[in-house]
Amino acid sequence: MTDSSEIIWQQLQEASQFIRERLIGAYSDMPLPTIGLITGSGLSQALGRLEGEERLAWQDIPHFPRSTVAGHAGELAAGKLAGVGLLLQRGRVHYYEGRSMSQIVFPVRLMKLLGIETLIITNAAGGINRSFQVGDFVLINDHINMIPDNPLRGPNLDQLGPRFPNLNDAYSAELRQIAHRAAQDEGLELQEGVYLAAPGPMYESPAEIQAYRRWGADLVGMSTVPEVIAARHCGLRVLGLSLVTNMAAGLAPGAQLNHQEVLETGKRRERAFARLIRAIVRAL
Ligand code: HPA
C-alpha cells in the first residue's frame, strides 16, 4: 500500500466516524440502514424529506467532496422511506466538474464503511435506443465506460476489495428482477438497457451517438459508472436506474439539447420516480 491509498483510507475512517457520531448512530430509534440511495441533481428533491430525517451538509463532513454546482449544496440524509431505513445522498460530483475519481467515489466507499449493503444509483440520461421515450424509466443492466479514467487506477485499496475485480453481473440480475416486480405492482413501465458514461460536460455529437448505438449503448449520461465500479470493488450490490430526460443528440430532429430540458423532465417525472423508488425499497 502506498501513501495515497493510506491517505484515502484514513480520510474514509475519519468521515465514517463523524457520520456514525453525528448522523446514523446518534438517534436510538433509527435502525442502522443497509440500503443506500444516490440521486443526481435533477432528481435529488423528488423524494422530499425522509421519515424522521436527520441530515448533514456535505461541507460539514470531513473530506467529503464539495459540489461545484452553484445553489445545489449536497446533503447526506438518514431516515426511513416506506418504513425502510435508508442513507440518501442528495446530489453527486461528476468527472466534468474536474474532480478526481477518488473524490467522485468517496461517498460510495463511505457507504460501505457505514454498513450499506445495497446501493441504488439513479441518474438522468439521454435515450439512444429508439424504443425509449422521454420520461421512461430504465434499469441499467450493463455499462460502457467512455470517461477516460476510473476509480481503481493506482494503488489498490486492499481493505476494500481486490486488485482485479470483475464486472460480471455488476447490476445485480436479482435486484433487477425485484425492481421489475415492484414496478409492475405500481403499474409503472420499466425498461432495461446499457448505460454509456461520457465525460461531458458537453452533450455528445450526433456522430458519437450513432457510434455508441452501434456499440450497444441504450442510454448516455455523465455519471454513475465510476460509482458502480467503486461499489462493485467493495462488494456492494448495485441497482442502477435512469430516467430518460431527453433523446440523445441527433435522435430528435430539430430538438436542441440543453440542461433545462433535463431538469424539466426530472421535475415532470418526480412523483412517478418517488413511487417507483418507494416500491423498490419496500421490495428489497
Ligand atoms: N447526454 C449525456 N448526459 C445526459 C444526457 C445526454 O443526452 N441527458 C441527461 N444527461
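Strands (E, at least two residues) and helices (H or I, at least four) are DSSP runs, numbered from the N terminus. β5 has the largest share of the shell, 3 residues.

This is a predicted model, in which local features need pLDDT of at least 70, side-chain atom pairs count only at pLDDT 80 or more, and totals for chains, interfaces and linings use all residues. Residues are numbered from 1 along each chain as its sequence is written, and side-chain values use heavy atoms, with hydrogens and water left out.

Next, select the residues that surround the ligand: A124, A125, G126, Y203, E204, V220, G221, M222, T245, N246 and V262.

Now show the polar contacts (pairs of N or O atoms within 3.5 Å). A side-chain N or O atom of N246 lies 2.6 Å from a nitrogen atom of the ligand. From the backbone, a polar atom of G126 is 3.3 Å from a ligand nitrogen, and an N or O atom of A124 is 3.4 Å from one. The protein covers 95% of the 260 Å² of accessible area (Shrake-Rupley, 1.4 Å probe) that the ligand has on its own.

Move to the second largest pocket, with a volume of about 230 Å³. A pocket is an open set of points on a 1 Å grid over the protein atoms alone where a 1.4 Å probe fits, with protein on both sides within 12 Å along at least five of seven lines; lining residues have an atom within 4 Å of a point. The volume is the space filled by probe spheres set on the points. Select I8, S102, P151, R153 and P155, the closest to the pocket's centre of its 15 lining residues. Helices α1 (3-24) and α2 (101-104) each give two or more residues to this lining.

How values were computed. Near = heavy atom within 4 Å. Polar contact = N/O pair within 3.5 Å; in protein donor to acceptor, adjacent residues only side chain to side chain.
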